[in-house]
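Thanks for coming, everyone. Let me show you the model first, and then I will walk you through it.

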Amino acid sequence: MLKAFNNYTPPAALTGSMRDFRYPKGRDLEARVAGFFKWQNLRRQNGLWPFSRSTEESPSTVCAARDDAGGKIDGVNFASQDYLSMSVNPVIKKVAQEVIEEFGVHSAGSAALLGNTHHSVLLERKIADFLGMPEAILFPTGWAAGYGVIKGLVRSTDHIVMDSLAHTCLQEGASAATRNIYLFRHNMVGECRKWLEKIRAKDQENGIMVVIESLYSMDSDTPDIAAMQALCDEFDATLMVDVAHDLGNLGDDGRGHIGMQGMLGKVDLVMGSFSKTFGSNGGFVGCRSREVKEYLRFYSPPCTFSNALSPMQAATVLKAFEIIESVEGAELRNKLMTNVLSLRRQLVEAGFEVYGDPSAIVCVKMGSEGLARLVSRRLPETGLIANLVEFPAVPKGQARFRMQVMANHTPQNIRDAVKRLKAAYEMGLAEFEAQTGAEAEPLRATA
Ligand SMILES: Cc1ncc(COP(=O)(O)O)c(C=O)c1O
């Protein structure tokens with residue numbers, strides 16, 4: 001059962017952020033991390049630690065789960081990443097069972113050795129064809145693909161020019177590859193150009209990788225991909241686009257923003273994940289030549305020195321691609337977009353502000369972490385499962401709820417979600433104002 005919380009909440013549980021513990025000091029590497037646990041536990045004891053939760057059944061539209069203190073929660077689920085509801089698709093589940101029967105459960109090796117299977121070989125071909133690119137290569141996760149494509153190709157004398165909101169796998173890959181990293185303000189093509197001009201004015205010898213996403217995972221907005229590729233061509237740079245959140249689920253044919261912007265087959269490097277739309281762990285890089293593919297296989301450590309996707313994962317993703325290209329796939333995308341538009345409209349009508357453009361990611365603005373935590377604490381009792389997002393996933397002071405929509409959500413699920421978020425917001429706001437004496441930023445609806 002969920003614990004009931006009294007009105008008093010220790011201020012330290014409402015303030016502070018994970019940023020405070022990023023650089024612990026002291027020579028004892030283990031002892032010095034205890035401060036984080038203390039702060040985390042204070043939040044946990046006050047019902048303000050909505051992370052590390054576990055599902056008790058499939059991550060479907062309505063779901064039972066537990067928080068990390070063991071408290072049971074259930075309700076409409078907008079916290080799972082399963083945009084086309086592939087994880088519960090009966091055809092996909094059947095394929096998984098059949099492949100396990102034939103191949104067992106494990107690939108038992110790196111893709112650089114004997115870890116490929118019949119299914120992963122077919123999947124690489126499938127992805128390349130889907131993207132209109134000559135080649136593609138699999139990685140164990142999307143994170144590994146993002147990190148690995150950068151670390152695999154960029155060397156210490158090269159340069160990386162990157163959108164300031166690029167995903168952590170891209171930032172970590174960049175930091176591991178070179179110290180020459182230049183961030184441009186989110187989606188600002190002009191600022192990216194300035195960096196490229198500056199770099200090329202001094203360095204004609206080394207490579208430049210420009211790193212962006214096709215759909216940003218916390219803001220649901222999109223760059224001008226054609227303009228970015230043109231810029232890269234002008235300055236002899238290589239564009240790398242992370243398509244984790246829109247490939248398969250957005251656009252008439254599921255090619256995401258790359259397809260919608262007429263850039264299919266025209267981007268230098270495309271990297272993505274199966275974990276949002278394709279019902280499995282795993283990632284990939286699409287590239288323009290066999291040379292690049294082979295180089296990544298043997299010089300990108302998360303590919304070379306990590307176990308390959310299991311046969312079951314590769315086969316289910318392959319089946320997911322088949323569905324995505326079928327009439328059923330088009331119907332699933334339509335259902336998803338209908339749900340997205342309906343959720344966004346109802347949230348705005350309820351007085352909330354939502355970020356970005358319509359996509360499966362619908363982020364609802366909260367602002368202050370303290371307010372967002374108190375609202376989040378009330379969600380379980382109203383019957384809504386939605387992820388609170390705060391630093392390091394977003395900047396401090398920009399907390400939000402990230403609601404991830406599925407094709408299988410029903411109109412009733414969406415109505416319930418908005419009603420429940422509103423009820424939790426009102427309770428959380430009253431607590432926040434009573435406790436801190438501060439007035440929260442007003443909720444502002446955008447058109
Ligand atoms: C933009 C982006 N790239 C890459 C990843 C990593 O994908 P995966 O979950 O497959 O490791 C994520 C997942 O959070 C993401 O949001």
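A word on the ground rules. This is a predicted model, so local features need pLDDT of at least 70 and side-chain atom pairs count only at pLDDT 80 or more, while totals for chains, interfaces and linings use all residues. Residues are numbered from 1 along each chain as its sequence is written, and side-chain values use heavy atoms, with hydrogens and water left out.

Start with the sheet of 7 strands. It is open, its pairing is mixed, and the order is β4-β10-β9-β8-β7-β5-β6. Strands are DSSP runs of E with at least two residues, helices are runs of H or I with at least four, and both are numbered from the N terminus. Two strands pair if DSSP finds at least two bridges between them. Which strands stand at the edges? β4 (135-139) and β6 (181-184) do, each with a single partner strand, so one side of each has no neighbour in the sheet. Neighbouring strands here are turned by 20° against each other on average, direction ignored. Axes are lines fitted to C-alpha atoms, for helices over the stretch in contact, and angles run from 0 to 180 degrees between N-to-C directions.

β4 pairs with β10 (residues 283-287) in the antiparallel sense, over 5 bridges. There, I137 stands opposite V285 in β10.

Now the helices on this sheet. Contact means heavy atoms within 4.5 Å. Helix α6 (residues 168-177) touches β5, β6, β7, β8 and β9, and its direction makes about 160° with that of β5. Helix α8 (residues 225-234) touches β6, β7 and β8, at about 155° to the direction of β8.

Next, the ligand. How many residues surround the ligand? There are 14, and the closest are G142, D242, H245, S273 and K276. To be listed, a residue needs a heavy atom within 4 Å. A polar contact is a pair of N or O atoms within 3.5 Å; within protein, one must be able to donate a hydrogen and the other to accept it, and residues adjacent in sequence count only if both atoms are side-chain atoms. An N or O atom in the side chain of H245 is 2.6 Å from a ligand oxygen. For G142, a backbone N or O atom lies 2.8 Å from an oxygen of the ligand. A polar side-chain atom of H167 lies 3.3 Å from a ligand oxygen. On its own the ligand has 390 Å² of accessible area, and the protein covers 84% of it. That area comes from the Shrake-Rupley method with a 1.4 Å probe; for residues, only the protein chains shown count as cover.

β13 and β14 (residues 399-404) are joined by 3 bridges, and L388 has F401 as its bridge partner in β14.

Last, two backbone details. Most residues other than glycine have a negative phi, and most peptide bonds are trans. S85 is not a glycine, yet its phi is positive, about 55°. The bond from F391 to P392 is cis, with omega near 15°. P392 sits in the loop between β13 and β14. As for aromatic pairs, F36 and W49 form one that is edge-to-face (centres within 6.5 Å, planes over 60 degrees apart; under 30 is stacked, the rest tilted).

Note on methods
Rings of Phe, Tyr and Trp (its six-membered ring) pair if their centres lie within 6.5 Å; planes under 30 degrees apart count as stacked, over 60 as edge-to-face and the rest as tilted.
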